[in-house]
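This briefing goes through one protein model by topic. Please keep the sequence and the 3D view open while reading.

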Amino acid sequence: MIHDLLLACRSHNPEQLGIKAFNETTVIDQFIHPCEREIFMDIIKIIKVYQEVEQFTNSSGRKSDTPDELPGINGSLHRLHGYYMLNLAKGIEIALEDYYAEIDRLEKYCLGNERNSLSYVYNALYAMFPLLVFMRNLITEIRVLKLRGCVLLHNLHQQCEHGDIQLEKAIKIIMKPVKNAFFSSLAHWLLFGVIDDVHSEFFIKFNPTDAVDGGSFSKSATCTLLSAEKTPEDYIWQYEVNMSQLPGFLSIVLAEKVLFVGQTVLVFKMGRNVKVKNKTNPLAAKLAELDSDDIYELWSGRESEFFKMVVDLSNEDTINVFRLEKVINDIKNYVSGRLSEIAVNEVDLERQMGLIKDFFLLGRGEFYLEFCSQMVGTMETYREERFKNVTRSFELAATITGISDDLEKFSLICQRSTAEPDDNSDFNFLQGLSLKYEYEWPLNLLFSPTTIERYNNIFRFLLIIRTYQYEIQRVWAKQTWRAKVAKDAPSNNKIITLRNYLMFFLNNMQYYIQVDVLENQFGILMNVIKSKSDFEVIQRAHTVFLANVLSHCFLLNESENQLNVTGSQNRNPIYGTLLKLLGICEKFTHMTQTKDPSDDLEDEVDQLNESFGVQIASLIQLLVDVKSASCLGPLSQLLLRLDFNCWFSASHNTSA
């Protein structure tokens, strides 16, 4: 009888047939003494707890591609799956070895003694009861909270500091396989830029932008590159921190460092692939992607040293948060230093940033003056005949100014929008222009697609101002030319006056952006680059540079930390007022340079003059309201120049 009970103690039958055989028959009444029945039922309770734990390990421990359905507390089904759940089941099985050893000891004891006491068996099993209850509660918590992945590891880490020595030892045993899985994924990402995480359990995930179902998943970087039709550079920016799986013992700053190291490794792995991507042999391209020699330049043979550091972390009983942070910082500092050395010394980052300033930020004034001349046309060219071939104008301007060699990495892209109702709008046309920059390896980490798009936002805004500035200068030239040709024709003073107002506004806006904002912020960035800091410092300084420029140019919606799209509705009142003023400039150039001017031209000029006064007064008032903000310090200079001698504020009763 006692031996049958011991067999039920380690029965792997999910239907619990051993316990049912005792409960559904009269065996308890016939063979168990009344004073031992309560002890017997307590043993049955211990067996039930064990079988709940064993059922979880059997279900979660099976290697299956489909998630398993496990019965919950009240009969509900819980779907538990994943690599971390599999390792949790392994850890629980290892922790149950003491329980199995005790059952084996009891079996040998009972077989070697004729007289056996049920109380002796109960006392031996009850010593293991707290461990079984702890495991059952742990499984219940995982089911209720639906823990998985790195969050599951964080939960186990929190329970390591237990007051009971037996349970503390057990939780460390349970956590070890899960911890090994975590550090294995961490080592593969840090050293090889590879993530094999089909269940999105790691805190770094691959989030493809062209996913059909919109879901996010993670996979091996090598497999991703082999199956991709896009350029490999696009994929390093599709890796991101998976906030839902970020464990509590890792800060977001540390997670960003881990992401940075893995992306850097991917950049080095892509170095060879970029060189052969235009070759016709696809097999050679794939072999180049799989070649590991290209990351030797990054590690210089130290990958085994860093791998041992991660393995040492994994071999500890618990997760040493301070050592983990130190190891990640050491690897990050080494990678950042190597990347900075290559970027600054070999790629000449200073020159690359100079080219960015010259073309994205309109630093080459003579080139863009010639570009506007080629794009807009001669003085005799009417508005309807402009913008025939803007890309050709771009190339001609480079040839005329002699900067074709510097411009070889830049190309102008024109995307004419069909959604705009007014196809003849200069503003909408200029909004379709963007620059494409072919950066040198390994600057992939500095010029992400988002960064290039932000540069294009600044480029379009500056180009719109420069184009209207050029066109309004042509208004003066054309009016002067007409006055000389037709001496008897009286000059239109209203047109000249409004032209002077608009030119004053555009000149001050251009000076503010180019001198007060760009020159100042760009100088700060170049000082960081010249100091040969590590690449993370350069990357951070570049991000701050872009953010400050966008903010000072009113292209950043601070309330939502999003970019304002030029020409669309936004919540930045200063930027919205600037758009209205630029719209007045466009209307003015249109009515003064069209083939068939309107008969009521003077009335239209008066209306524009009145609208300009209202909008410029609104702009000055907005600048007055925000000039005290520390982050918008240069606005004081703009306000001082724009409202010189309080001309506009006095005319429209604006309190400065």
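Helices here are DSSP runs of H or I with at least four residues, and strands are E runs of at least two, both numbered from the N terminus. On that basis, Ser 300 lies in the loop between helix H14 (296-299) and helix H15 (303-315). The model is predicted.

**Nonpolar core**
- The largest nonpolar core has 188 residues, and Phe 182, Phe 203 and Phe 505 are those with the most contacts inside it.
- Helix H22 (residues 493-530) supplies the largest share of this core, 16 residues.
- The core lies between domain 1 (1-61 + 81-146) and domain 2 (349-559 + 570-654), because both give residues to it.
- Leaving aside neighbours within four places in sequence, Phe 505 is in contact with Leu 578, Leu 581, Leu 582, Phe 612, Ile 616, Leu 619 and Leu 642.
- As a general background, nonpolar side chains tend to be buried together in soluble globular proteins.

**Helix H26**
- In helix H26 (residues 635-642), the buried residues are Leu 635, Leu 638, Leu 639 and Leu 642.
- These buried residues fall within an arc of 95 degrees when H26 is seen down its axis, so they line one face of the helix.

**Strands E5 and E6**
- E5 and E6 pair in the antiparallel sense, over 5 bridges.
- Within this pairing, Leu 412 stands opposite Leu 435 in E6.
- Strand E6 (residues 433-437) is largely enclosed by the rest of the structure, because 4 of its 5 residues are buried.

**Salt bridges**
- With a cut-off of 4 Å between a side-chain nitrogen of Lys or Arg and a carboxyl oxygen of Asp or Glu, the count comes to 18 salt bridges.
- Asp 406 forms a salt bridge with Arg 351, and their closest N and O atoms are 3.3 Å apart.
- This pair links distant parts of the chain, 55 residues apart: Asp 406 is in the loop between helix H19 (390-401) and strand E5 (410-414), and Arg 351 is in helix H17 (residues 349-359).
- Arg 351 is partly exposed, at 39% relative accessibility.
- A network of salt bridges links Arg 351, Asp 358, Arg 364 and Asp 406.
- Glu 536 and Arg 540 form a salt bridge with their closest N and O atoms 3.7 Å apart.
- Glu 536 and Arg 540 are 4 residues apart in helix H23 (residues 535-552), so about one helical turn separates them.
- Glu 536 is buried, with a relative accessible area of 15%, whereas Arg 540 counts as partly exposed at 46%.
- The side chains of Glu 305 and Arg 302 meet in a salt bridge at 2.9 Å, N to O.
- Both partners count as partly exposed, Glu 305 at 37% relative accessibility and Arg 302 at 31%.

**Backbone angles**
- Most residues other than glycine have a negative phi.
- Ser 200 has a positive phi, near 55 degrees, and its place is in the loop between helix H10 (165-192) and strand E3 (204-206).
- Ser 300 likewise has a positive phi, of about 55 degrees, although it is not a glycine.
- Ser 200 is buried, with a relative accessible area of 10%, whereas Ser 300 is partly exposed, with 39%.

Note on methods. Residues are numbered from 1 along each chain as its sequence is written. This is a predicted model: local features need pLDDT of at least 70, side-chain atom pairs count only at pLDDT 80 or more; totals for chains, interfaces and linings use all residues. Side-chain values use heavy atoms; hydrogens and water are left out. Buried means under 20% relative accessible area, exposed over 50%, partly exposed in between (1.4 Å probe, protein chains only). The arc is that of the directions from the helix axis to the C-beta atoms. Two strands pair if DSSP finds at least two bridges between them. A nonpolar core is a set of buried Ala, Val, Leu, Ile, Met, Phe, Trp, Tyr and Cys residues joined through side-chain atoms within 4.5 Å. Domain bounds come from an automatic or database domain assignment. Contact means heavy atoms within 4.5 Å.
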